[in-house]
Structures are given as structure tokens and as C-alpha cells.
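Let me put the model up and then walk you through it.

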There are 2 protein chains.
Amino acid sequence: MRNIKLVIQYDGSKYRGWQRLGDSDKTIQGKLENVLSQMTNEKIEIIGSGRTDAGVHAYKQVANFHTQSDMSEEAILEYLYNYLPEDIVVVDVEEVDGKFHSRYHAKGKKYLYRIWNSRFHNPFLRKYCTHVAEPLDINLMRNAAKYLVGKHDFTSFTSLKSKKKSMVRELFSIEIQKENEIIDILFHGDGFLYNMVRIMAGTLIEVGAGRMNADSIPEILEKRDRSLSGPKAPYTGLILYDVEY
Amino acid sequence: MRNIKLVIQYDGSKYRGWQRLGDSDKTIQGKLENVLSQMTNEKIEIIGSGRTDAGVHAYKQVANFHTQSDMSEEAILEYLYNYLPEDIVVVDVEEVDGKFHSRYHAKGKKYLYRIWNSRFHNPFLRKYCTHVAEPLDINLMRNAAKYLVGKHDFTSFTSLKSKKKSMVRELFSIEIQKENEIIDILFHGDGFLYNMVRIMAGTLIEVGAGRMNADSIPEILEKRDRSLSGPKAPYTGLILYDVEY
């Protein structure tokens, strides 16, 4: 069996997220598996680096699948480009070692959270940014972000309820940039808990708007209590930006 | 009667263009008139600076309408923001002199033509850029653009067939910039004939791809023959960028 790695971009606006739900092809995974199965005449199952929620986008998602097909990388790339819908584009196909696993071998991930910070929403970016009308102070947001960076128990920043699994993750960096009306928050870490990026973004928005204090973050982390952090920010501004191996 | 000027942004993807067609509200003008009529309890007709074709976008379209309503500029702005669909945003409302006419008084216009120049289309920009897979040489395009700038008879660059009206327009400038995979062509002129920007863009793409010679432009202009210029480029990449008074 060959092991094929895919790099995928998608506009998640019309989908229920990455993970296949039954036979529905309203998911990114479902769409990809349908086209790959048709291409190979096999029942293909793909392994993604992780799930993305409904409406969430990806600049670079990584997945792999096993096949007996002898199609070249180039022929697979071309087939996928021709048969996938316009909002999903596979930009790279590579045959990899049989042991490569998109999820287990991911060493780091980057998520981008984009905010359109202006009185009115932007008709062109409304599906790719979260609109925040009140002015946000990015210096306050940067101060809060500093406390999140590092190795922490992120129980206060996840919707996950399980008490069995470790809630410890390491955030390598959070970069916050503003260009005109767009505020980009780039999160880089070894892994992210369920809803962790959206809750961190929601908390940073509260801080930027002056409703929460940057200096309250260490205590919020320490108390491991979801009710202390900010609201989960909308899915529209969330983009899986990169997966590192 | 008061005369109210509007500045409008829209994502034209879902519309049949600016101009109202009967009672349909599949047009930008129709949508605006419906909401304004509901707001004022009058039958409002708006005057746009010019039409845009089906699927064409606007960063800054200007229109005006007459009303007996005594609503403040701010209240109109707020009402329109609340009742217009998400893909049409009025970003400015101003009461102007009774004689102001959006179309007759426009002194200049800018149109932006955006090209995504890469092997695969971009899932996020597919409605806001025209995808050209073959590499384009922007230096060749700039050479061709130089010949288009100035006061010319643009018969070769319009779909308009009328022989009565003047086909002479003045192009003040054409700026061509490339940033990563995006090529932006900004056309600035005193006015544009029907399909003129799309035919100029299509011709510049032919030149950039090496299928037409930049030095052939003066002869194409001189012969006043539409069959000599390039194809009409797709609507997706076209954006009404500014209207000047």
C-alpha cells in the first residue's frame, strides 16, 4: 500500500467542518474521500491532522491516505483539482513513508484568528474575518497574550470536559498584528484543545475592548475554570494556518 | 426635497448587477431602493454613478436619491446597515446640494482588475479575482498599458455598437502591481465605455501571456475594430474602486 500526503486549502463557509458525518458530503473529509474513492475505485479513508469546526477555514490542512493505486503524484493532484468543488483545493500531493500519520506526527500547528475591527462589517471579508465594531487596543491584547504563551494547563480555555486527558499544551508564540482595519492573531503551539483558539481569541477581544484585565490571565489559567475566561469567539475568523512535522 | 448621497460597498457575486430589472431585487439598485422606500414610506429611485455588470463588485460606488424624509444622516446610515443584506454596506451618508447628480457630476473613476496568477485557483479569492494559471509577465503588460493611457477613441475596446455617441475617453493612468500571486491593475480615467475595463484587462492578459504584442496596441486603437483587441476578461476580477467628483 502506498501512503499519500495531501496539503489542502479550503473555504469552510459551506461545510459542517472537517470530520465526516455518516455519508454526508457536507464535510471536507467527506468530499475528499468521495473524490478519492471515485479516483481509485477503492474505499478511501483519510486521516486529517485534526478537525476543524463548521465554517472554519484552512490555508494549510494536512491529511494522508493509503491506496493501491499507481497514479503519479501529479496525476492525483490534477484529478483532485478537476473533481473537487471550487472551495476545496489540494495544493500538494506527495508519496510519503508508510508510517507517516498526519495526526500523530504533527509537531506543531498554527492557527490564525482574523478580526475586522471597524464600525461596519466588510462585505468581502465577512466570511473570513470576525467583525468587532468597538475599537480594540492591540497593546492590551499583546500584554494578555504574553501570559498565555508557554506550557500551561489550558482547562480554562477549552470546551472539553474530559478529566482523563491532559489539558497541558505548550504555546510557542502569539503574534498580534494590525494592518488598517484587520487584526491578525497568529497562535503557534504544539497542539490545541477543543475550542481553545476561539476561547483564547474571545478572551483577547474582551481584553482589547477593556472589559477584562490582561493581568487576570495568570489567575484564570491557574484556577482551571472555563467560566473565568472570555466567550468563545465566532468561527468565521478562524483559519488553520499551518501544520508542522 | 432633500438630496442624499450614499457611498456603497458591495460583493456583487450574487447579483445581476447594479441596474434594477423590473421589480426584481436581484440587483444592487433594487435592494437599495426597496430598503430606502420602506424606510421613508416614499417610492425612492436612486441614481448611481454608473452601472456595474452581474457579479462585479464595488469598494466605492456612489449614488444619490431625493426624499422628503427628515431622518438624520446618522439615522439613515444605521437603518441601511440594519436592513440591507450582508453583501451590501452603505459606508457613508451625506446630505448634498439639490443639484448634485451621481452620474453627471462624476469627473473620474477608478476600476481595479484583480488577477490570481498561480497554477491553482485560490478558494478564498475565487469570487474576487480572476484566475489565470499561466505565468504573466507584468513588464510586458506595463508596456502595453502605456499605449492605452491618454485620450483615445476606444471603439476597439468596447462592446458598445452605437455609432452616434463619442467613443473618446481619457485614461489618466494604469498602474500594474504584483504582490505574491496577485496582480492588481488599477485603471483611472474620466469615464469608461461598456465593457471597456474588461476588454482592456483581457488584452493586457494576452500581452502578459505572450500571445499579443505590446507594440500592437497603437494600431488596434487606430483601427477602431473590436475584433483586434483581446477577449473580454471575466467579471469576477472587476471592482469599481472609486468615483471622483
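So, to start us off: which residue in S9(A) does A:Ile176 stand opposite? It's A:Ile185. Before I go on, keep in mind that this is a predicted model.

S8(A), residues 168-179, and S9(A), residues 182-189, pair in the antiparallel sense, with eight bridges between them.

Now, zooming out to domains. Chain A is assigned a domain 1, covering 2-96, and a domain 2, covering 108-244. Over C-alpha atoms, the centres of these two sit 28 Å apart. Where they touch, domain 1 of chain A puts in 13 residues and domain 2 of chain A puts in ten. The domain 1 side of that contact splits into five nonpolar, six polar and two charged residues.

On to the packing. The largest nonpolar core has 64 residues, and the ones touching the most other members are A:Tyr111, A:Tyr113, A:Met196, A:Val197, A:Met200, A:Ala201 and A:Leu204. The top contributor is helix H4 of chain A, residues 196-208, which gives eight residues.

Have a look at A:Tyr111 in particular. If you skip its neighbours within four places in sequence, its contacts include A:Phe187, A:Phe192 and A:Val197, and also the run A:Leu238, A:Ile239, A:Leu240 and A:Tyr241. There's another core apart from this one, with 63 residues, including B:Tyr10, B:Leu84, B:Val93 and B:Leu171.

Which brings me to the two chains. How many residues does the contact take from chain A and from chain B? That's 15 from chain A and 15 from chain B. On the chain A side, strand S1 (2-10) and strand S4 (88-96) each supply at least two residues, and S4(A) gives the most, with three. By type, that side of chain A comes out as nine nonpolar, two polar and four charged residues.

That's my tour, happy to take questions.

Conventions. Residues numbered from 1 in each chain as written. Chains lettered and ligands numbered in written order. Predicted model: local features only at pLDDT ≥ 70, side-chain atom pairs only at ≥ 80, totals over all residues. Core = buried A, V, L, I, M, F, W, Y, C linked by C-beta atoms within 7 Å. Buried ≥ 20, exposed ≤ 12 C-beta atoms within 10 Å, placed from the backbone. Helix = DSSP H or I, 4+ residues; strand = E, 2+ residues; numbered from the N terminus. Contact = placed C-beta atoms within 7 Å. Nonpolar A, V, L, I, M, F, W, Y, C, P; charged D, E, K, R; others polar. Domains from an automatic or database assignment. Pairing = 2+ DSSP bridges.
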